[in-house]
Structures are given as C-alpha cells and as structure tokens.
Amino acid sequence: MPFKLKVKTDGKETTYERKEVPMMKNLIDALKVQRLEVEMYSDPKKQPTDEQNTKHVQLMATFAARFWGNGLTSKDILSGVSAKEGLENIQKAIAVTLNMSIDDDDDEAEKVKNPKK
C-alpha cells in the first residue's frame, strides 16, 4: 500500500508517495510519537499541556519528513501539510510503522454492535 502525503511548498502542492515498507529508523521516530501520546493521555484527570501538544505535532512532522524523505523538512510538513487530510495520512503511516491499525477502535465498536454467535 503506497503512503501519500500532499505538501504545499512555495505555493505549489506536491504529492509525495512512498511505496516501500517502513524501516527501523522510521520505527524509532514512530516510537517517540507513541511515547509522548502515552504520557499525554495516560492520566484521564489531566489534559495535554500546550507544550505537549506542540511537541506532539513537531514529532509527527519530524516523522513525516524522514518517512517521505525526498528532501522534505519538518518545517515543510508544519507549514505545508493540511491539518485534516495530511494529519490523517501521517497518523496512518505511524500506525503502520508501529504495526497497529488506527481503526482498531472502530473494529471493537463493530464487534460490540454485531457480536458473533
């Protein structure tokens, strides 16, 4: 499955595509994002801080820049990737790198709605 990411730089939108599987160096970046997410959301009594939110987005941008490569920088990602579609594509790439599915919650909800007999 190819991974795609639209990035707007210098007023021009380019779609970057990655066809190869994630590598170990991508896993290191994905684990950094995951570790911060665990820290941010592990205490239900606390909301993530502004600093944590900023660091989270920066770590995702770093992951994306290295994952898609082609000379992309985290600055390119932060200023040229949409906060909706782009973020979803980055999150999918992180999930695949971590051997996870971001749709796990949806699958669980479906099992509850339609339990097998």
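**Helix packing.** I looked up helix 2 against helix 4 and found an angle of about 75 degrees, with the axes 10 Å apart. Axes here are lines fitted to C-alpha atoms over the stretch in contact, and angles run from 0 to 180 degrees between N-to-C directions. Helix 2 and helix 4 are therefore roughly perpendicular (65 to 115 degrees). I listed the contact (heavy atoms within 4.5 Å). Helix 2 brings Met60, Phe63, Ala64, Phe67 and Trp68. Helix 4 brings Leu87, Asn89, Ile90, Gln91, Ala93, Ile94 and Thr97.

**Model.** This is a predicted model, where local features need pLDDT of at least 70 and side-chain atom pairs count only at pLDDT 80 or more. Residues are numbered from 1 along each chain, and side-chain values use heavy atoms.

**Confidence.** I checked pLDDT (the predictor's confidence in each residue, 0 to 100). The chain averages 90, and 86% of the residues score at least 70. Helix 2 (residues 50-68) is highest, at a mean of 98. Helix 5 (residues 104-113) is lowest, at 50. Where pLDDT is low, the predicted coordinates should not be read in detail.

I then looked up the second largest pocket, with a volume of about 170 Å³. Its lining includes Val57, Met60, Ala61, Ile77, Leu78, Leu87 and Ile90. Helix 2, helix 3 (74-80) and helix 4 (85-97) each give two or more residues. Helix 2 gives the most, with three.

Note on methods: Helix = DSSP H or I, 4+ residues; strand = E, 2+ residues; numbered from the N terminus. 1 Å grid on protein atoms, 1.4 Å probe; cavity = no way out; pocket = protein on both sides within 12 Å on 5 of 7 lines; lining within 4 Å. Points joined across faces, edges and corners; volume = space filled by probe spheres on them. Parallel < 35°, antiparallel > 145°, perpendicular 65-115°, else oblique.
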